[in-house]
Structures are given as C-alpha cells and as structure tokens.
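Me: I have a protein model open on my screen. Can you show me how to read its features, one at a time?

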Amino acid sequence: MPTAAAPIISSVQKLVLYETRARYFLVGSNHAETKYRVLKIDRTEPKDLVIIDDRHVYTQQEVRELLGRLDLGNRTKMGQKGSSGLFRAVSAFGVVGFVRFLEGYYIVLITKRRKMADIGGHAIYKIEDTNMIYIPNDSVRVTHPDEARYLRIFQNVDLSSNFYFSYSYDLSHSLQYNLTVLRMPLEMLKSETTQARQESFDIFEDEGLITQGGSGVFGICSEPYMKYVWNGELLEIIKNTVHRDWLLYIIHGFCGQSKLLIYGRPVYVTLIARRSSKFAGTRFLKRGANCEGDVANEVETEQILCDASVMSFTAGSYSSYVQVRGSVPLYWSQDISTMMPKPPITLDQADPYAHVAALHFDQMLQRFGSPIIILNLVKEREKRKHERILSEELVAAVTYLNQFLPPEHTIVYIPWDMAKYTKSKLCNVLDRLNVIAESVVKKTGFFVNRPDSYCSILRPDEKWNELGGCVIPTGRRQTGVLRTNCVDCLDRTNTAQFMVGKCALAYQLYSLGLIDKPNLQFDTDAVRLFEELYEDHGDTLSLQYGGSQLVHRVKTYRKIAPWTQHSKDIMQTLSRYYSNAFSDADRQDSINLFLGVFHPTEGKPHLWELPTDFYLHHKNTMGLLPTRRSDFMPKTIGIDPSPFTVRKPDETGKSVLGNKSNREEAVLQRKTAASAPPPPSEEAVSSSSEDDSGTDREDEGSVSQRSTPVKMTDTGDSAKVIENVVQPMKEVYGINLSDGLSEDDLSIYLRFVQLGQSQHKQDKSGQQYCSKCSEGVIKLTPISAFSQDNIYEVQPPRVDRKSTDIFQAHIQAGKGIMQPLGKEDTSMYREYIRNRYL
C-alpha cells in the first residue's frame, strides 16, 4: 500500500565505502553529488550487524570535513603525514543487501551497472558486477570450516545475469499500478513540501533546474510487491534501521527495449519480465505449487509502449499490457532420479477441494481482478497418459472453484492441444492462436493513460467497440489477466504469449493514434522487432529455469525456420538435459540460500545434507519430508492406496514389506516401471514424430499397475469374495472387522453409547427413557456410575437453526445445486468487489 509522500527519486545513486580498523563508513550521494548520507557499520562485532544511520543530509563540504576528521583520528600517530587512517575500499552504485552464514555478515554492493531501458525519464539498470565484502575485522573473526562452502553456494547465483533495478521506478509493480494507484495531486502535497525537501533529494537537481515555487515534483513511495523482489531477505535486517533511500530493490527476469519510427515519430517498446521469488527454482526440482499457492516458474510479463517524443508521465502517452505464465497450480512433480529425458508426472498429494489452486487464483484476483483466463497448452490426447494427467486435474479444480463464483467473475478455461495442431498439416498454429488472442484481449482490455484518440472516432473500428477492460475519463485500465501454461512454461508458452502480445500491441498502437487499424501483419518491421524482443525474453527465462535457450521458436511454429535450425534444436535439447541432470541441484541450493529459504544454523544439518528441500517451501509440513502420497499411508499398503479398492489375495502378499523376497520383488517392480521408456515429447532429440491422433486409451503397461477389481456376479461365491476383501484389510491396516470386540473395548463403547443422564433417565424396572421425547430406549447396560463431569460422558452437540441451514447449503453446493443469494449477500459481495478491485 502507498506510504508517506516522498520525491520520485528516493535512492542514493553513488556510493563509496571507506574503511578503518573498527568501522566501515558507507557514503552515498545523489547523481549530482550535492546531497549525501552516511552509514556507520561496526567491524568489532564477530557475528552481529551493527549499523548506525544518523538520517542527516550532508552537503559536499560537510562530507569532506567529516572524512577528514575520520582520517585524522584513525592515524597511528597524531600528526603523521605518511600514513592514512581512512582507506577508500570500493565505489558502488547500490546496496544489494547483507547476508550471514556461520561467521559474520557480508555486504553485497553493485559495482557495475548498464542502462537497459528508459520509461518516462526513469532509467532501468542491469547489474553488471558486484562485490561481496566481509564486515568483521580479522582480529575478531571466528572461523568456521563450512563458511567457505556456503560462500561458494551463495555466489553461484550470478547477480550479473539478468538482475535489474531502478532508482526512481518501482519495477515490482506494473505501469498501471504506478500511474493510477500511486497518483496523487500536487496540491495535496504542498503542505508537506518544505519538510520533505529538507529530508530528501530533488529530482531536478541533476539537471540544475529550478522547480516552480521552490517545490519539487512529488509522487507516492509505495512498498514493493515482495513476490517479485529477490533481495527482500537480504535487506530485511536493515529495513527498519536505515533511511529508505538506502533500500534498493532488485528484480530477476528480463528487460529489453526497442525503438520504432512510425512516420518519424519515435516509439519505445519495452518488455519487462518479473520472476517470482516464491517457490523459485529449476525445471524438474520445482514443479506445481506449494502450500501457499505460489507456483513454480511464475513470471509476469509486461509490454510497455510509449511515445518517446514526450518523455514524461504527466504529459506523455503510455500504454501497457500484462500477462502471466506459471506451472500448473497442483501438487505434482517429476522424479529425475531415473535419468530420463521426460520423467513420468506424479500427483504428489490429493487435493479434492482444490485448496492450493484456490490460494493461487485468489492471489491473481487480488492483483489483477477478474476475469482470470487460463490458456492450457498441454497435450490432451496421448497414447500413454502423461501430460493429460495435469489437464484432467486442472479442469476438475477450475470446475469446483467456479461453482462458488458469480457467473460474471468465473475463471475462464481455454484448453488447446498446441502440440497436436503443430503436427497437423491442415491447421495453422499461429492463426488459431491469433483467434484466441483476439478474444482474450477483448475480455481484459489494456492500460493507456490517455483518453481515446480522435482517430478512433473519426475512423471507428468494429473491434474497438467490443474491447473490454475498464474505461475511465483519463484512459483505459486492464482488468483481469491471461495465465498461459504448458508443462514447462517455456517453448509453447512463449509462442502463445508472443501472439497475445502482438494482438495487444496492435490495440496499443491504435489507441495512441499511431496506426489506423488495430491489426499488425507478420513480416513488418514492427512485428520483427517485437518478435526479437520476445525471443530474447524466452531464451532468458528458459536459461534461468530450464538450463538452455528455447528449443521451439515462433519461426518453428510458422514452419519457416531454416534447415540448420534442427541441429540447433538438438544442441539446445542436449544442453537442457545436461543442465537438468547434473547442475540443477547446485543451482537450486544457491537459490534457496540467496532467497533466505534456508538459513544456516550451528548444530543443524547443512544445506547440502538435506535429502530434499520440500519442507523449506511447504511451511505446514511440521517437519515431514514427503515426496508422494504414499508417504502418508501405512507401510504395508499395496500399489493402489485407496481403502475402497477390491484386492485379490495374491496382491496383498506382494505388498507386505516384512518378507525380504517380497521387498526385493517390489523394488524390482518399481525399477522396472521407472526404467520404462519415456513418453515421446516435442522436445525429443530425435525428429521422430509422436502420434497424437490416437484415442485416449492408456497402454497395457499402465493398466497392470492398478488393482484388478473382483466381479461379484455369482451369488454362490459371495462368501469367498468377502473373505478376499476382509483379509487384505487385516494385513494392511492391522484390523479385522470379522473379529468380535474385546470385553474392554465393548465396555468403553457402551459407556459412550449412553446419551447422557441429562436427557435419558431410568425407570424403576431399569428401562431407559428419554425425558424430551418420552419414548423408550433399548436397554444396553445399567446407567454408568460416572459423574456428570467425567471425561467419558458425552454430550450431544447443540446446533442452532442458522448453522444447520448453512451446512445444508454447503451440502447442496457440493452437489452442484446453488442457493439463491439474498439481498444482504449481494450487497456485501458488491461492496467487496468495489473495495478490492475497483
């Protein structure tokens, strides 16, 4: 949420770290070097971080005098000119944060930067190089043998690879958020101008301009959206200690900008991808979602269009469109221990009420509003059931959740088997994607900070009037978002996002009055530049998550790729396979350490000693380390864990782990199943095509993995069938329903059966009767001698009529029968939507 008013530029932009034996002095200034701040960092503490910020704004002369006094006071001998007491350690452009492993704290500084884009006069920089400096002095350092290994793991996260920051623009939020939610009239800030100018920097001081009336240009400093901030944990220790000018938040992903000339008018097209820092990791090690609804490989991609002839947010014309990619929001994974190019997909945990999907879509509704549109590109027709497992579960989850949403706010689900249509010679993949893109953009609309141009009135287009979103006097707003996914969210997803972005780009250009029709054709300069941006964007995200560049590109699906592209695809596939098999585990450890998912602690297991990082990303596991559903089941369970499955006698014998030979046989069966040939994929090394024209039949091997049901057709064999069913229950669960209860169990049970002395009483003959219904009750045993306050006495629950009605409504909703909403419920929901999304 927005916080107190402050200037648009709020971070120090140039830093110098000075060193003495007892202190580090971090001196930061604005770009013009007219205003300074100073941090004092104690070096005498071996493990604690002690930082002092006096929050005073120094002039250049005052800083020189301060450094002179420090230099003089720290010399070994007073008045000695040959030695210096203050050393200049390093120059920097920002503080990434502070981190500690098993010894003292380190400070991470940005030492090189490169400008990548410009949005409304706000520069976006890419980190080119960093420096990591150990803070405590050598005289107080307490060494630890594992410190160097943790340092290597931490530095395995290459900060010079696709990390971005800005001193004046909030990269964690969209342009629509920054230009609408954070807008505040200048008149409301006039009373705060004098005090704010004394505490902060002036945006126009770099250019030497004099602001009108002595007041600066102000905006609202907001808290960043921490989901897309990657150094939030590194800055957490100083967040409440130092002035916010020192806090520089960085994002990870992609940032690129291209310049178009449309009849002499310069137009900047910027593409920004924000990778989520929640449940982050590499391809096969992070799949699906965690217990908080955060999905793997979640990336928010925003395309920004601006008329570069006027580079100002207040006077310029800006437009943006946002879309999202992310893994299927289910509990699923793939086991990479079998060294297969495409390991089988496993649903790790049953989620019949779509809890994790509900949490995920709730996050999206809070950030984007409705409608949430899902474009699911996974395969739906396979000879061997592989990707279709995810489609079936996702359809069930969305169907279940939609019954609780009003029809106008339901989740829109669009399934499209892109791989199948790619192999078809009669279907053009991009034409079909273009139809989907048109319908999606019409539903969500896009953001533009200017009212519709006059050309849309002079030369109206029929598609323009059908455009959705929110139309306001100052422009348009995007409401809702498209969420695209395949299995990896890399190749197919990037092509689909490009087609949607291309469609949105046409509307954006038309809204700014730059083209006369909201249509863009392939093989034009504008689309070529936009395609290059999206290919760089896809390659970057694919390297970060999958370990290689894109295998299938837009040209692949257009079927105009040169013949040399096939060999490149093979190399990219091999590179991706090598990365997934040999280097992803180390990269995952580095990400967990960098993001603060794992904190090294003395006396606890080290990061490299953990068998899995499951419990680090799932906070509600209570220390359990499950990898699949069967981990929660009894150890003697068979192949099918359901207690309702009818089992044959010979199946139960194989599932008992007490027998050594049976255990070896079970292991052999698992190895045989795991070493089965992988399902063919579009990213296979060979060019052999996969036959997707078959039916939905599973192959014979998969059928044998299930328990075979016993047919109950012959009444004469009913006793034998019951015996077969009951016997496995004894072996699996340790009970046998055919045995009678023991005397102790029976006596305890009869005590609980009594309905309570407060309602049932006993007549002279020992017969029980109910004082409320005046009906006789079958006599089971004499009334218990336990007193009223005994723990064994059971009181029936008292439920009021309202609770009963609510429960019955839930039961009906589970059957698909929805209760009509009352006036109070409708008004409450409308108020909720108005406060949350509008």
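Predicted model: local features only at pLDDT ≥ 70, side-chain atom pairs only at ≥ 80, totals over all residues.

Me: How many helices and strands does the protein chain have?
Reply: Start with a simple tally. The protein chain has 23 helices and 26 strands.

Me: What share of the 838 residues is buried?
Reply: Buried residues make up 47% of them. Then look at contacts between residues at least 6 apart in sequence: 69% of these join residues at least 24 apart.

Me: Now two helices. At what angle do the axes of H12 and H13 cross?
Reply: Helix H12 covers residues 491-511, and helix H13 covers residues 525-546. Their axes cross at roughly 145° and come within 10 Å. The crossing is right-handed.

Me: Which residues make the contact?
Reply: H12 brings Asn494, Gln497, Phe498, Gly501, Lys502 and Leu505. H13 brings Val527, Phe530, Glu531, Tyr534, His537 and Gly538. Sort the contact by class and you get five nonpolar, five polar and two charged residues.

Me: Next, rings. How is a pair of aromatic rings described?
Reply: Use the distance of the centres and the angle of the planes. In this structure the count comes to 26 aromatic pairs. One of them joins Tyr150 and Phe598. The centres are 6.5 Å apart, the planes make an angle of 15°, and the pair is stacked.

Me: Where do Tyr150 and Phe598 lie?
Reply: Tyr150 lies in helix H2 (residues 147-155). Phe598 is in the loop between helix H15 (565-594) and helix H16 (614-617). The pair therefore ties together parts that are 448 residues apart in sequence.

Me: Are Tyr150 and Phe598 buried or exposed?
Reply: Both are buried. They also belong to a cluster linked by ring pairs. Its other members include Phe101, Tyr134, Trp230 and Trp608.

Me: Which charged residue sits over the ring of Trp608?
Reply: Look for Arg149. Its charged end is 4.1 Å from the ring centre of Trp608. Another case is Arg113, which lies over the face of Tyr125 at 4.5 Å from the ring centre.

Me: Let me try a single residue. Where is Leu375 found, and is it buried or exposed?
Reply: Leu375 is in strand S18 (residues 372-376). Its relative accessible area is 1%, so it is buried.

Me: Which residues does Leu375 touch?
Reply: Leave out residues up to four places away in sequence. Leu375 then touches Ile414, Ile436, Leu482, Arg483, Thr484, Asn485 and Ala496. Look at Pro415 too: it is 40 residues from Leu375 in sequence, yet the two C-alpha atoms are 6.0 Å apart.

Me: Last, the backbone. What do most residues and peptide bonds do?
Reply: Most residues other than glycine have a negative phi, and most peptide bonds are trans. Exceptions deserve a look. A cis peptide bond joins Ser370 and Pro371, with omega about 10°. Pro371 is in the loop between helix H6 (355-368) and S18.

Me: What is the phi of Glu33?
Reply: Its phi is positive, about 55°, although Glu33 is not a glycine. Glu33 lies in the loop between strand S3 (23-29) and strand S4 (36-42). Its relative accessible area is 32%, so Glu33 counts as partly exposed.

Me: And where is Arg55 found?
Reply: Arg55 is in the loop between strand S5 (51-53) and helix H1 (60-73). Its phi is positive, near 55°. Arg55 is partly exposed, at 42% relative accessibility.

Methods: Residues numbered from 1 in each chain as written. Heavy atoms only, no water. Axes fitted to C-alpha atoms, helices over the stretch in contact; angles between N-to-C directions. Helix = DSSP H or I, 4+ residues; strand = E, 2+ residues; numbered from the N terminus. Left-handed = near helix turned anticlockwise from the far one by under 90°. Contact = heavy atoms within 4.5 Å. Nonpolar A, V, L, I, M, F, W, Y, C, P; charged D, E, K, R; others polar. Phe/Tyr/Trp six-rings, centres within 6.5 Å; stacked < 30°, edge-to-face > 60°. Buried < 20%, exposed > 50% of the residue type's maximum accessible area, 1.4 Å probe, protein only. Lys NZ or Arg CZ within 6 Å of the ring centre and 35° of its normal.
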